[in-house]
Amino acid sequence: MSLVRSGNVFDPLSLDFWASADPLGVVRPLAEQCPVLTNVRVDWKETPTAHVFKADLPGVKKEAAKVEVEGGDVLVISGERDAREELAGEGEAWRLAERSTGGRFRRRFRLPRGARLDQVQASMEDGVLTVTVPKDEAKKPQVKAVEISG
């Protein structure tokens with residue numbers, strides 16, 4: 001089974017969905033302040049040895065991102081984006097501002113059994129946070145030959 005999530009009007013966690021469902025423009029400003037609906041895209045891939053999370057955090061400094069484990073089985077990726085410093089000057093006006101700036105973000109993921117939460121590693125490069133959660137080694141079933149008598 002493949003799960004693909006993109007920013008469009010069919011994704012209820014996308015701001016695009018709420019913008020199209022809100023002709024008065026009330027929900028989008030509230031959603032941008034709400035960490036649950038913040039536009040942070042995360043991919044979760046399971047390999048034979050680990051769970052690998054990749055979060056797009058453009059413009060977020062490494063010091064502003066946080067990776068935590070809550071309650072023994074929940075991975076939390078959170079942080080805060082810098083506020084927009086590019087104010088319109090004299091004779092200038094914003095026509096479109098889609099890039100997320102300012103505000104907190106927070107995503108939570110319940111990890112399956114066998115995740116080695118004591119060995120979580122995180123790195124950030126070019127605005128992409130990569131979190132690797134190793135898995136317990138798969139126990140291979142022991143096969144024991146039984147002699148047939150008779």
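1. A polar contact is a pair of N or O atoms within 3.5 Å; within protein, one atom must be able to donate a hydrogen and the other to accept it, and residues adjacent in sequence count only if both atoms are side-chain atoms. The side chain of Arg 107 makes such an approach, lying 2.8 Å from the backbone oxygen of Val 40.

2. On the basis of the note: this is a predicted model, in which local features need pLDDT of at least 70 and side-chain atom pairs count only at pLDDT 80 or more, while totals for chains, interfaces and linings use all residues. Residues are numbered from 1 along each chain as its sequence is written, and side-chain values use heavy atoms, with hydrogens and water left out.

3. Overall composition. The chain holds two helices and seven strands, where helices (H or I, at least four residues) and strands (E, at least two) are DSSP runs numbered from the N terminus. Along the sequence the pattern is α-α-β-β-β-β-β-β-β. Of the 150 residues, 23% are buried; buried means under 20% relative accessible area, exposed over 50%, and partly exposed in between (1.4 Å probe, protein chains only). The chain exposes about 11,600 Å², with carbon and sulfur atoms supplying 52% of that area (Shrake-Rupley method with a 1.4 Å probe; for residues, only the protein chains shown count as cover).

4. Contacts along the chain. A contact means heavy atoms within 4.5 Å. Among contacts between residues at least 6 apart in sequence, 50% join residues at least 24 apart.

5. Three strands form an open sheet in the order 3-4-5, with antiparallel pairing; two strands pair if DSSP finds at least two bridges between them. Strand 3 (65-70) and strand 5 are the edge strands, each pairing on one side only. From one strand to the next, the twist averages 15 degrees (axes are lines fitted to C-alpha atoms, for helices over the stretch in contact, and angles run from 0 to 180 degrees between N-to-C directions). Strands 3 and 4 are joined by six bridges in the antiparallel sense, and Glu 70 stands opposite Val 74 in strand 4.

6. Arg 107 within the sheet. Arg 107 belongs to strand 5. Residues up to four places away in sequence aside, Arg 107 touches Val 40, Val 42, Leu 75, Val 76 and Ile 77.

7. Gly 103 lies in the loop between strand 4 (74-80) and strand 5 (104-110). Gly 103 counts as partly exposed because its relative accessibility is 31%. Neighbours within four places in sequence aside, Gly 103 contacts Gly 79, Glu 80 and Arg 81. The C-alpha atoms of Gly 103 and Arg 81 are 5.6 Å apart, although 22 residues separate the two along the chain.

8. Aromatic pairs. The structure holds three aromatic pairs; rings of Phe, Tyr and Trp (its six-membered ring) pair if their centres lie within 6.5 Å, planes under 30 degrees apart counting as stacked, over 60 as edge-to-face and the rest as tilted. The rings of Phe 53 and Phe 109 form a tilted pair, because their centres are 5.1 Å apart and their planes stand at 50 degrees. This pair links distant parts of the chain: Phe 53 is in strand 2 (residues 50-56) and Phe 109 in strand 5, 56 residues apart. Phe 53 counts as buried at 0% relative accessibility, as does Phe 109 at 9%. Trp 44, Phe 53 and Phe 109 form one aromatic cluster.
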